[in-house]
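Here is a brief report on one protein chain. Please keep the sequence and the 3D view at hand while reading.

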Amino acid sequence: RLVRSNLGFIRGKAHKTNATRASTVPDGCSTQSNGAADCQYANLSNANLSYANLSYADLSGANLGDANLSYANLSYADLNGAYLYDANLSYANLTFANLSGAYLYLANLSYANLSFANLSFANLSEANLSYANLSSVMLVNASLNVANLFEANLTDANLTRANLTDANLTGSNLTGATMTGTDVDGVTWSDTTCPNQQKGPYPC
């Protein structure tokens with residue numbers, strides 16, 4: 001899928017960025033006044049956006065099923081309600097991104113940086129989040145059943161009423177995490193650091 005770029009620096013909606021390269025605007029998308037891509041409700045299924053600069057992009061409601069977003073910069077991007085079934089987001093930068101209500105079933109988020117992202121009500125069932133940075137992330141009412149969170153960093157994450165049924169939390173770090181009403185039935189606990197910084201007793 002073709003992409004085009006806008007020259008110059010990008011100005012964020014709430015924060016300024018010091019972008020050192022042009023913003024990626026995928027084919028079929030327009031450009032916001034701040035220079036970032038406007039892909040609201042765009043069909044980007046199967047798109048190859050690996051290493052793309054989509055910081056501050058509006059991808060709300062977009063179809064990104066099976067898209068390749070590995071190593072992409074999606075910091076501060078709006079992915080509210082986006083469809084990301086089986087998408088490859090490995091090593092992507094999703095810091096401060098809005099993924100509330102996003103559909104990420106079977107998505108690959110291994111080694112992704114999701115710190116301070118909003119994933120409330122997101123569907124991450126069977127997603128691969130191994131080695132992901134989920135520090136200070138919002139996962140309120142999120143579905144993480146059968147998700148792979150091997151060695152994931154969940155420090156200070158908000159997992160209130162999240163569904164972690166049959167998830168793999170081997171080696172993950174939950175220090176300071178909020179787990180009020182979290183469903184942990186069938187979770188794999190092995191060398192997991194609990195919110196109180198203790199390894200066990202399990203369940204946390």
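## Overall build

The protein has 4 strands and 0 helices. From the N terminus on, the elements run β-β-β-β. This is a predicted model.

The chain has 204 residues, and 51% of them count as buried.

## Confidence

Mean pLDDT for the protein is 91. A value of 70 or more is reached by 90% of the residues. Among the elements, strand β4 (residues 37-38) has the highest mean pLDDT, 96. Strand β1 (residues 3-6) has the lowest, 44.

Residues 1-20 call for care. Over residues 1-20, pLDDT stays under 50. The model has 46 contacts beyond four places in sequence for this stretch. Where pLDDT is low, the predicted coordinates should not be read in detail.

## Nonpolar core

The largest nonpolar core holds 62 residues. L84 and L114 touch the most other members. Leaving out residues up to four places away in sequence, L84 touches several leucines, among them L64, L69 and L79. L84 also touches Y103 and Y105, as well as G65, A102 and A107.

## Disulfides

The structure holds 2 disulfides. With the bonded cysteines numbered in sequence order, the pairing is 1-2, 3-4.

C29 and C39 form one of them, with their sulfur atoms 2.2 Å apart. C29 sits in the loop between β2 (23-26) and β3 (30-31), while C39 is in the segment after β4. The two are 10 residues apart. Both C29 and C39 are buried. The torsion about their S-S bond is about 120°, so this disulfide is right-handed.

C194 and C204 also form a disulfide, with sulfur atoms 1.9 Å apart. Both cysteines lie in the segment after β4, so the pair ties together parts that are 10 residues apart in sequence. The S-S torsion of C194 and C204 is about -75°, so the disulfide is left-handed. C194 is buried, with a relative accessible area of 3%. C204 is partly exposed, at 30%.

## A closer look at T192

Is T192 buried or exposed? T192 counts as buried because its relative accessibility is 0%. T192 lies in the segment after β4.

The T192 side chain reaches the backbone oxygen of L169 at 2.6 Å. Beyond four places in sequence, T192 touches residues including L169, T170, G171, S172 and L174. Q198, K199, G200 and Y202 are also among its contacts.

Terms used
Residues numbered from 1 in each chain as written. Predicted model: local features only at pLDDT ≥ 70, side-chain atom pairs only at ≥ 80, totals over all residues. Heavy atoms only, no water. pLDDT = per-residue confidence, 0-100. Contact = heavy atoms within 4.5 Å. Buried < 20%, exposed > 50% of the residue type's maximum accessible area, 1.4 Å probe, protein only. Core = buried A, V, L, I, M, F, W, Y, C linked by side-chain atoms within 4.5 Å. Polar contact = N/O pair within 3.5 Å; in protein donor to acceptor, adjacent residues only side chain to side chain. Disulfide = S-S within 2.5 Å.
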